[in-house]
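Hi,

Here is the structure I promised to pass on. Please open it alongside this email, and my notes on what turned up follow below.

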Amino acid sequence: MAGFIGKRLVLSLITLLLLSIIVFVGSQVLPGDVGRNILGPFADQQAVDALNEQLGANESLISQYLDWIGGVLTLDMGDSLAFRRPVQEVLGDALVNSAKLALLAFIIVVPLSIAGGVYAALREGSTRDRLISLGGLSATAVPDFVWAVLLILVFSLVLGILPATATAPPESGFFTQVEYLILPAFCLVFVLFGYIARMARAGTIEALDADYTRTAVIKGLPQRTVVRRHVLRNSLLPTIAVIATQCGYLIGGLLVIETIFNYQGIGQSLFRAAQEKDFPLLQSGVMIVGIVYLVATLLADIAYSVLNPRVRLAQES
Amino acid sequence: MSTASVDTGLPAPAAPAGDAERAAQRERFALLRSSKTFLVGAGILGIFVICAIFGEALAPDDPYATNPLNDLAAPSSDHWFGTDRVGRDVFSRVIVGARDILVVAPAATLLGTVIGTALGLITGYYRGAVDDVVSRVIDAFLAIPVVILGILAITALGPSNLTVIIVIGVVFAPVIARTVRAAVLQEREMEYVAAAQLRNEKAPYVMFAEILPNVMGPVMVEFTVRLGYAVFTVATLSFLGFGIQPPAPDWGVQVYEHYGLISGGYWWPVLFPALAIGILVIAVNMIADGIAKAFER
Amino acid sequence: MDETQRRVDELRRRSSEVENHLIDELRAGKIGRREFIRRGAIAGTSIPLLGLVASACGVSREELERVDPPQTGAPQPGGTIRAGVLAPSGALDPLTVTDQGGLAVLGQSGEYLVWSDKELKPVPRLAESWESTEAGQVWRFKIRQGVSFHDGAPLTPEDVAATFNRLADPDAGSNALSVFGGVLSKGNAKAVDDTTVEFQLDAPNGNFPYLVSSDNYNAIVLPASYDGDWEKTFIGTGPWRLEQFRPGSGVSYVRNEDYWDPDRRTVADRNDFRFYSNEQAQVFGLQGNEVDVLLQFSVSGGKALLTDPDIRTIELQASAHRQIHLRNDVEPFKDKRVRQAMALLVNRRALVDGLLDTKSDFGNDSPFAPVFQSTADIAQREQDVRTAKELLAAAGKEDGFRVQLNTWNGFEMPDLAQLLQQDVRQAGITLDLTITDAGTYYGEATFGESPWLDSTMGITEYGHRGVPNVLLGAPLLSKGTWNGAHFKNERYDSLVADYVAAVDLDVQRARARQIQELLLDESPILFTYFYYYLTGTKNDVADVDVTAMGHIDLARTGRVA
């Protein structure tokens, strides 16, 4: 087990390194320089040159990259070129925001979709099953920005019971913050429900078909116990894998939701950083999203092998 | 070849591999034809395809003709879906808008499938060091948010349908590669692979001529599943301003241009393109579902 | 009726082209009564007179009154006013701020020597008075006494001189260099005694007071000891002082109890700025009651606000516009007849009435917007497809041609591009649109590396300015750095130099007339409209003072009971 984790960690680090190089190379193709991007196209060329000099944007690309990598290893990610503040601060705030939204969406969607999937599986072929399956499928098919617009229209503009943006006023209490995050969270719930429910359903059906389930039923155990003790564990396996892969999306991919709901998450920060050629911010931001994604998939794989002895043994051989 | 007529007293030889394969194919098609979901999905897709091909002929108005003095007119007998921000007929734009997305999304998915399958074959076949290295690169790409990739690509290549195709193709390839790799790992252990290797066939031949036909099932399933995502993603990229450019009547762009206006009661320029996107994705998913079930057997 | 008709005709004779257009449109039913009143009032016609005209055209009194009247109730002291702005795109540094949100923030706690008000008149603020000598080459400003910064330090002429020397310093990299280049050099602002600052200019400049006013939004007066890091203190002399800065989210201010002007000590106790990342979110925010005031919105993005009965719109005539440049040095626009034809093909009325919902003035193909004091009164160019076709034929282009149009996907510019596309089709001209993001369009912002400056035809956005100096300069002078049209005309250069040097308003107008006529003839750039500056407020908020530059003065603002 330890060997397995160790190997995965090393591989993940290599991936991260590759990721940083890819983003580095990629960001160099963006036109314009930092000074010009900050001051805008109408500013004096002299002013732009002076600013570039100040910001150290005239160093060679390689040295900029090495500077940054060196900084990361000492946990100093440098200053955002556009905001003139430490990257940690800018990203820290954004990360906390993204985490809050992701967590809220998670807490709602995971139990809901697992329950839905299991329920549908237990009534496989019935109308209720088809409703849940097709309903989930349709909801997922609708792009997140469409959900956002519809939810805002209904709950905020027509009914007026929920705010149209996700950023609560400063110093808001826990419940106020949740109130502001409900609508964007539900957009995510709609988008993710179908996928996770489908996985849970498929896993449950497979588990219901399995020998150990039949044995338990023959032994006379009530259905609820059967489900709880045997079926759930196995239907959770594919679900965990799916949830893990959605982590990257939930943290870094919510640009559209963040834009519509005016929420300062990582998605928006990355987008702005790429537009303004804010190299330190962009690099560090992508790395953080990458780390979240890799950690999530690693945890999922560990959970998978813990829950499923067969897989663990196969991986260790 | 018929074996029924001559009775040699020996047990009948097994039917040649080709026959079994063809029988399985026929069975699959039969399954598809009887699957309601598949048929409905295909029907809906068919309607969109007709819109895409015959767009201008079906549209009552010129989708590009502006009329700013009649902007944001509500749906009426003159304009079934109303007019947009610069007075264009929304109904015509929704119909003609099918073309771009039905060209870009499948092309992107095809590109992603081709690249992904190639990568999956390579990593699955070679395993070892090659697999490790390439898989790491694949993982790195998987970790990059789609939009960042989108921005970089658009600024480097300029906004156009081609750029969108490339971006989505590159983004989907890793995911497809993963699935194909898993399938290849299984096939690799089969006898025919060993047989080919014993014959000293070159690696590319083994991969593409021997293994590939046997993983076409999962590949096809992946293609259709990804197609749904592709439609979704194309719409999202357009919504963010990357990709299909005005005045093209792209559905995502139409939603983007008008969603701020819904609070003023101007729902029609947003609702109809949004519904079009949703219905198309659902239709493609239904087709994908049907195909997946057919190949499961 | 006859008597009224006679008076209407009389009025028509004395009215400008624009006013006559209004009357035509009202009679033809192309605009409603509301728009007629609104635009007439802005054009300077009095309401009773408008009423007269309207009734002659068959409109009732009550219908006339139903325009967005300003909130005239008395604001209650106390409470918090919440304002929404677009999030500043970078650090809040007075020297480098270039965007709407940033400049509005600067103006809350910071103050200027001169305030350029909503009618573009200069109002004394930190400067009590000013005068020029040497025919406008030397300017002296008398600095107000008894003013202190938020940290208690008194304001002195040294602080003022240091501020402007900093802004004019090429090494400081300030955005203000685009205003002071060729006008003021570093070191030429000096405190000559306890109350006066003297500016030695590089060349005579009749509009200098505007260049040190709120129009030059980077020019908030800072202490001589200022050393960077404005975000920590938001130091200034203004009626609001910083309470808390939440980067990316907003700023909260409280009343400055020691403010120097008792008439402008703030009505409300607190002022909360909220940052929005895009316009749609702003619109939702105002309608969803998250803010009381929305600093600026555009017609295309804010249509919902224009029709919302709970929201009042403040409209200010402004000089913000879009420049459609036609490159003078390459085909097909080398021949000025082709350029004139393009100008005549544009349906300006559709743009003003349709695209901009009447919230705009007509543009007459020169930077002289109707709002400027020095703009001369000349005939307004209108769409004339027949003449356009004749000009094209005379230039050998009767079969039309194909040309690429570059712009970026902001504001209403993509819509404008598509409307132009349709307008020029009538003459067989095909426009191929290339619409990118702003970064790509501007490129490196130097000739040879920027679609903005290299494209044959392009649309660029220009924000409001109090005087046309900058607009006459960089985009059109032979050596201009923003000259996408590649316009090189010696007579134009010398006329502009004359205009800039003129101190007397009548002389300015005379020079302006010559420039306007030259540009109408040469048509290197199409100026099709100058759109109004729109601010949205909730019905119960009174006394919001905005300027077309983008400043918002909330000192007198409060809620009405």
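The buried residues of helix α13 of chain C are Val338(C), Arg339(C), Gln340(C), Ala341(C), Met342(C), Ala343(C), Leu344(C) and Leu345(C). Please keep in mind that this is a predicted model. The helix spans residues 336-345, and since eight of its ten residues are buried, α13(C) is largely enclosed by the rest of the structure.

Four strands make it up in the order β5-β6-β8-β7, and their pairing is antiparallel. The edges are β5 (127-133) and β7 (189-191) of chain C, each of which pairs on one side only. From one strand to the next, the twist averages 20°. Inside this sheet, β6 (residues 138-143) and β8 (residues 196-200) of chain C are joined in the antiparallel sense over five bridges. Helix α7 (residues 157-168) of chain C lies across β6, β7 and β8 of chain C, and runs at about 170° to β7(C).

Now to the places where chains meet. How do α1(A) and α4(B) cross? The crossing is right-handed. The axes of α1 (residues 2-28) of chain A and α4 (residues 128-143) of chain B come within 8 Å and cross at roughly 60°, which makes α1(A) oblique to α4(B). On the α1(A) side, the contact is made by Leu11(A), Ile14(A), Thr15(A), Leu18(A), Leu19(A) and Ile22(A), while α4(B) brings Arg136(B), Val137(B), Asp139(B), Ala140(B) and Ala143(B). Sorted by class, that contact has eight nonpolar, one polar and two charged residues.

Chains A and C also touch, with 36 residues from chain A and 36 residues from chain C in the contact. On the chain A side, the elements giving two or more residues are α2 (34-39), α3 (45-55), α7 (144-158), α11 (255-260) and α12 (266-275) of chain A. Of these, α3(A) gives the most, with six residues. By class, the side of chain A that touches chain C has 17 nonpolar, 14 polar and five charged residues.

Best wishes

Note on methods:
Residues numbered from 1 in each chain as written. Chains lettered and ligands numbered in written order. Predicted model: local features only at pLDDT ≥ 70, side-chain atom pairs only at ≥ 80, totals over all residues. Axes fitted to C-alpha atoms, helices over the stretch in contact; angles between N-to-C directions. Parallel < 35°, antiparallel > 145°, perpendicular 65-115°, else oblique. Left-handed = near helix turned anticlockwise from the far one by under 90°. Contact = placed C-beta atoms within 7 Å. Nonpolar A, V, L, I, M, F, W, Y, C, P; charged D, E, K, R; others polar. Pairing = 2+ DSSP bridges. Buried ≥ 20, exposed ≤ 12 C-beta atoms within 10 Å, placed from the backbone.
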